[in-house]
Amino acid sequence: MFIDKTRPFLVKAGQGGNGALSFLHIKSNEFGGPDGGNGGRGGSIILRAVHDQSTLIAYSHVKKVQARDGEKGQKKKMYGRAAENVYLDVPVGTVVFEEPNHTFLMDLSKEGQEFVVAKGGRGGRGNACFTTSVIQAPKIAENGMPGQERMISLELKLLADVGLVGLPSVGKSTLLSVVSKAKPEIGDYPFTTITPNLGVTYLDDGSSFVIADLPGLIEGASKGKGLGLQFLRHIERCRVLVHMIDMNSEDPLHDFQVINNELDSYGFNLMKRPMIVVCSKVEDEETEAKYLEVKKALDGKYDVLPISAIMHDKINVLLYKIKDTLINAPYFPLYEEKSADVKVYDAHLDLKEEFNVERVGTHEFRIYGERIERTYHLINLTSDEGVMKLLSILRNLKVDDKLKELGAQDGDTVTLCDFEFDYYE
């Protein structure tokens, strides 16, 4: 079964292991000092492009992919083991989006290309890391950071140099079967092709290129009619379009304009790509006359060639024309490359940007913000020293002043993530 699009599913990287809070106790040295080791890194989820897969059927029913957490640190300064990464093999040509906004993340267009879609959390530091000349026996350790969590969807956009487009039953599948070893379904009725077919064409001079035969388009395809919208995504990578027109049609030029309108409406610069117009089924005087009419109307705008795929007539002329067009055909990136985000850290950063406080009830307040929540998750609150460290950080950030400004009174409840305490001035 050909599956080229998945439903959104969750990818969740592993959490880093907690650092150990431990002190060395041996017979010869009862007060050996802190020896808590660091926690291990959580497993990441990595997408990897491979050639031995051709569809996304392996992910058609996936709802969640989760990596393992890193192991906790141990006494005697032993590090926790890092969790193994989870690799998800996808076909070359897979595009990754983040949901629910369908934001582009990565185009896996090369064999072996990898993308870390969810990064594992780093392990927390054990108390052995907090020893200083002043603090010889720290009772503080860090928790591991949570792993990244994302809702993603995958789309496969086939890698082909040339795309065959046209109305149903214009001879696209027949042409592909003649010029390659592909065996598409062929029939004298509309929509015999219901899935894209790829074929590799080899010329006598040793050159080759990949041709994609796509399900026939109809008027309104770019808006979802017929099968067009479902498979138009596979034209997006094609550098050259071969527009086939059936010379047995009552109005070939009208058919040509219908398909061009749909390609233009779909976008992705399809109409900016080199296009070769192929008049198919030119096998008698009547079809020859229609071919001449089409050539006269389109002369100067497009290269117009007549063929008969069944009779193998003028097929080599078309193939070498495609080869010559590909030599100078530009590449059209599917999406704009994102430049790496550059973060500027200012030593005089306004403290208000580090946290936010809001009233959530008559006597209830909530502290939130990416930086303050990150700090909170690092602190091990199983010891009194950990709780005191958190309160000290909140005090240094002047959270008390913000609470007072919002009208907090003695005894009001304040929450930070899942930590709750009472406010007193």
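**Note on the predicted model**

1. Helix H1, residues 172-179, is mostly covered, since 6 of its 8 residues count as buried. The buried residues are Lys172, Ser173, Thr174, Leu175, Leu176 and Val179. The elements that cover them include strand S9 (162-165), strand S10 (197-202), strand S11 (208-213), strand S12 (240-246) and helix H5.

2. For orientation, the chain as a whole may be considered next. The chain has 425 residues, of which 46% are buried. Its secondary structure comprises 8 helices and 18 strands. Among contacts with a separation of 6 or more, 71% are between residues 24 or more positions apart.

3. With S11, strand S9 pairs in the parallel sense over 3 bridges, and leucine 164 has aspartate 213 of S11 as its bridge partner. With S12, strand S9 also runs parallel, joined by 4 bridges. In that pairing, glycine 163 has leucine 241 of S12 as its bridge partner.

4. Helix H5 can be followed through one of its residues, isoleucine 322. Isoleucine 322 has a relative accessible area of 2% and is therefore buried, the cut-off being under 20%. Leaving aside residues up to four places away in sequence, isoleucine 322 touches Val162, Phe209, Val242 and Ile276. Isoleucine 322 also lies 9.6 Å from aspartate 161, C-alpha to C-alpha, although 161 residues separate the two in sequence.

5. A separate sheet is built from 5 strands in the order S3-S1-S8-S5-S6; this sheet is open and its pairing is mixed. Strand S3 (64-66) and strand S6 stand at the edges, and each has a single partner strand, so one side of each lacks a neighbour in the sheet. On average, neighbouring strands here are turned by 30 degrees against each other, direction ignored.

6. Within this sheet, strand S1 (residues 9-12) and strand S8 (residues 149-156) run antiparallel and are joined by 4 bridges. Leucine 10 stands opposite methionine 151 of S8.

7. The loop between strand S5 (94-98) and strand S6 (103-108) contains proline 100. The peptide bond leading from glutamate 99 to proline 100 is cis, with omega near 10 degrees. Histidine 102 belongs to the loop between S5 and S6 as well, and its phi is near 55 degrees, a positive value in a residue other than glycine. Histidine 102 is partly exposed, at a relative accessible area of 36%.

8. Where else does a residue other than glycine show a positive phi near 55 degrees? Histidine 312 has such a value. Histidine 312 is found in the loop between strand S14 (303-306) and helix H5 (315-328).

9. In general, two packed helices are described by the angle between their axes and the distance between the axes. Helix H3 (residues 252-266) and helix H4 (residues 285-298) pack at an angle of about 50 degrees, with axes 10 Å apart. The two helices are therefore oblique to each other. On the H3 side the contact is made by Pro252, Leu253 and Phe256, and on the H4 side by Lys290, Val294, Ala297 and Leu298. These contact residues divide into 6 nonpolar, no polar and 1 charged.

10. Finally, the cysteines may be checked. How many disulfides does a search of the whole structure find? The search finds 0. Cysteine 238 is buried, with a relative accessible area of 0%. Cysteine 279 likewise counts as buried, at 0% relative accessibility.

Key: Residues are numbered from 1 along each chain as its sequence is written. This is a predicted model: local features need pLDDT of at least 70, side-chain atom pairs count only at pLDDT 80 or more; totals for chains, interfaces and linings use all residues. Side-chain values use heavy atoms; hydrogens and water are left out. Axes are lines fitted to C-alpha atoms, for helices over the stretch in contact, and angles run from 0 to 180 degrees between N-to-C directions. Angles under 35 degrees count as roughly parallel, over 145 as roughly antiparallel, 65 to 115 as roughly perpendicular and the rest as oblique. Contact means heavy atoms within 4.5 Å. Ala, Val, Leu, Ile, Met, Phe, Trp, Tyr, Cys and Pro count as nonpolar, Asp, Glu, Lys and Arg as charged, and the others, Gly among them, as polar. Buried means under 20% relative accessible area, exposed over 50%, partly exposed in between (1.4 Å probe, protein chains only). Two strands pair if DSSP finds at least two bridges between them. A disulfide is a pair of cysteine sulfur atoms within 2.5 Å.
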